[in-house]
Amino acid sequence: GTDILSNVEYLKFSDQIMPLTAHTVAQSDVADLYAWTQSVMSFDAAWNRLQVAYSYEDGRQYIYQYDVLSQFSWTSVETSFDPHGHHSQVIYNNDNDIKTVYQYDLNDAFAWSSVQTNFTAQSQRDTVIYNNDDLTSVVYQYDIDDDFAWDQTARYFDADGRKIRDVYDND
């Protein structure tokens, strides 16, 4: 069956509160001024921006989502979708100004299936994690504050998650 909700500002679940879209502003690029063909902005009842979605001629989409209720550890999430609707990249802009970027190898062009890159509040890359197709992983950590005798480390893990070796690039 179908239920209809009226005059509701948000839905409350056991794990989150979901603000509902009360206002939508859609814009089409009929003059071909922008890289996108359509932009759709969603707002809650108080006109707080919930989401902005950009659509492109080739079928790609880029969606920004905002944590207007401050219930998550992030302030916004940026998600890129390929023309087939698969997410190729997700960026978390966290409350503490740290950014986490997830990239996905949708075309099996690389030996890895996903890469996670962590950036400090000063936008310096401090960790990169490669999750490989064979279920192994490599974690690169960078000494951005020059606290150690090494510039970077590489930690290699087997398919069961056990560390098999460390490699240090010294100063």
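These are my notebook entries on what I looked up in this structure.

**Ground rules**

The model is predicted, so I note that local features need pLDDT of at least 70 and side-chain atom pairs count only at pLDDT 80 or more, while totals for chains, interfaces and linings use all residues. Residues are numbered from 1 along each chain as its sequence is written, and side-chain values use heavy atoms, with hydrogens and water left out.

I began with the strands, which are DSSP runs of E of at least two residues, numbered from the N terminus (helices are H or I runs of at least four). Two strands pair if DSSP finds at least two bridges between them. I found that β11 and β12 pair in the antiparallel sense over five bridges. They form a hairpin with four residues between them. In that turn, Leu135 has a positive phi of about 75°.

On its other pairing, β12 is joined by six bridges to strand β13 (residues 150–157), and these two also run antiparallel. I then looked up Tyr140 in β12. Tyr140 is the bridge partner of Val128, and Tyr140 stands opposite Ala154 in β13.

**Entry: aromatic pairs**

How many aromatic pairs does the structure hold? I count on the listed total of 13. Rings of Phe, Tyr and Trp (its six-membered ring) pair if their centres lie within 6.5 Å; planes under 30 degrees apart count as stacked, over 60 as edge-to-face and the rest as tilted.

I looked at Tyr92 and Tyr102, which form an edge-to-face pair at 5.9 Å centre to centre with 85° between the planes. This pair links distant parts of the chain: Tyr92 is in strand β8 (residues 87–94) and Tyr102 in strand β9 (residues 99–104), 10 residues apart. For exposure I used relative accessible area: under 20% is buried, over 50% exposed, and in between partly exposed (1.4 Å probe, protein chains only). Tyr92 is partly exposed at 29%, and Tyr102 is partly exposed at 25%.

Next I looked at Tyr130 and Tyr140, an edge-to-face pair at 5.8 Å centre to centre with 85° between the planes. The pair links Tyr130 in strand β11 (residues 125–132) to Tyr140 in strand β12 (residues 137–142), 10 residues apart. Tyr130 has a relative accessible area of 27% and is partly exposed. Tyr140 is partly exposed too, at 21%.

I also noted a cluster in which ring pairs link Tyr34, Trp36, Tyr54, Tyr62 and Tyr64.

**Entry: charges over rings**

A charge sits over a ring if NZ of Lys or CZ of Arg is within 6 Å of the ring centre and within 35 degrees of the ring normal. I found the charged end of Arg125 over the ring of Tyr142, 4.3 Å from its centre. The charged end of Arg165 sits over the ring of Tyr156, 4.0 Å from its centre.

**Entry: the nonpolar core**

Which residues make up the largest nonpolar core? I list five: Trp36, Tyr56, Tyr62, Ile91 and Val101. Such a core is a set of buried Ala, Val, Leu, Ile, Met, Phe, Trp, Tyr and Cys residues joined through side-chain atoms within 4.5 Å. In soluble globular proteins, nonpolar side chains tend to be buried together.

I looked up contacts (heavy atoms within 4.5 Å) for Val101. Not counting residues up to four places away in sequence, Val101 touches Gln89, Val90, Ile91, Val115, Gln116, Thr117 and Phe119.

**Entry: Asn118**

Asn118 lies in strand β10 (residues 112–119). Is Asn118 buried or exposed? I put Asn118 down as buried because its relative accessibility is 15%. A polar contact is a pair of N or O atoms within 3.5 Å; within protein, one must be able to donate a hydrogen and the other to accept it, and residues adjacent in sequence count only if both atoms are side-chain atoms. The side chain of Asn118 makes one with the side chain of Thr100, at 3.4 Å. Leaving aside neighbours within four places in sequence, the contacts of Asn118 include Lys99, Gln124 and Arg125.

**Entry: Asp158**

I found Asp158 in the loop between β13 and β14 (163–170). Asp158 counts as buried at 16% relative accessibility. A polar atom of the Asp158 side chain lies 2.9 Å from the backbone nitrogen of Asp160. The backbone nitrogen of Arg162 also lies 2.9 Å from a polar atom of that side chain. Beyond four places in sequence, Asp158 touches Leu135, Thr136 and Ile164.
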